[in-house]
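Dear colleague,

I am passing on the structure we spoke about, together with some notes on what turned up in it. Please look it over alongside the text below.

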Amino acid sequence: MSSSRVGLRLAACLLNVSEAGRKYIVENIAKAALLDKNGKKHPQVSVLNIFSDQDYNRSVITIATSVDKLGLAEDLVLHVPGCSVFLFGKADLPEKRSLVQRRKQLGWFTRRDFSALQPDLGAAPSQRCGLTACFRAL
């Protein structure tokens with residue numbers, strides 16, 4: 001059986017984590033993103049990068065997956081309690097809002113009370129800590 005990767009449609013996911021000092025927490029979240037709802041590794045999911053900024057106590061985990069695996073968002077919500085998922089781009093149906101449009105609509109940078117936000121999946125984000133994920137089909 002031969003399969004070609006030419007034309008494979010990808011989706012990118014940026015996980016924003018309010019943690020940088022405890023590396024094991026960030027790594028465990030990255031590992032959880034690789035698992036399906038049954039705890040098995042998704043074959044078409046890869047962690048591309050983990051960037052941590054100690055000064056701001058923030059980490060960003062970049063994940064790539066096949067567009068066919070956008071169920072990754074639901075799996076992530078199952079494995080990381082309290083995470084919030086906001087879709088944008090082609091993953092944000094039917095509106096297909098860009099990340100900038102989505103953040104403006106949410107009042108992301110001017111908002112003081114994040115508990116009132118309604119994510120596409122998962123819990124409302126916490127102002128003090130948490131994990132938010134943005135999925136974008138490429």
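The notes that follow go from the overall fold to the hairpin and then to the cores.

Please bear in mind throughout that this is a predicted model. The protein contains three helices and six strands, and these follow one another along the sequence in the pattern β-α-β-β-α-β-α-β-β. Of its 138 residues, 38% count as buried, while the protein exposes about 8600 Å², of which carbon and sulfur atoms supply 53%. Among the contacts with a separation of 6 or more, 65% are between residues 24 or more positions apart.

Strand β2 (residues 45-53) runs antiparallel to β3, and eight bridges join the two. In this pairing Asp53 stands opposite Arg58 in β3, and the hairpin has four residues between its strands, with Asn57 taking a positive phi near 50°.

The largest nonpolar core has 15 residues, of which Leu15, Ile29, Ala33, Ile61, Ile63, Leu76 and Val80 touch the most other members. At least two residues of this core come from each of β1 (10-17), α1 (23-33) and β3 (58-66), and α1 provides the largest share, with five residues. This core also draws on both domain 1 (8-70) and domain 2 (71-137), taking at least three residues from each.

With best regards

Notes:
Residues are numbered from 1 along each chain as its sequence is written. This is a predicted model: local features need pLDDT of at least 70, side-chain atom pairs count only at pLDDT 80 or more; totals for chains, interfaces and linings use all residues. Side-chain values use heavy atoms; hydrogens and water are left out. A nonpolar core is a set of buried Ala, Val, Leu, Ile, Met, Phe, Trp, Tyr and Cys residues joined through side-chain atoms within 4.5 Å. Buried means under 20% relative accessible area, exposed over 50%, partly exposed in between (1.4 Å probe, protein chains only). Domain bounds come from an automatic or database domain assignment. Two strands pair if DSSP finds at least two bridges between them. Contact means heavy atoms within 4.5 Å. Accessible areas come from the Shrake-Rupley method with a 1.4 Å probe; for residues, only the protein chains shown count as cover.
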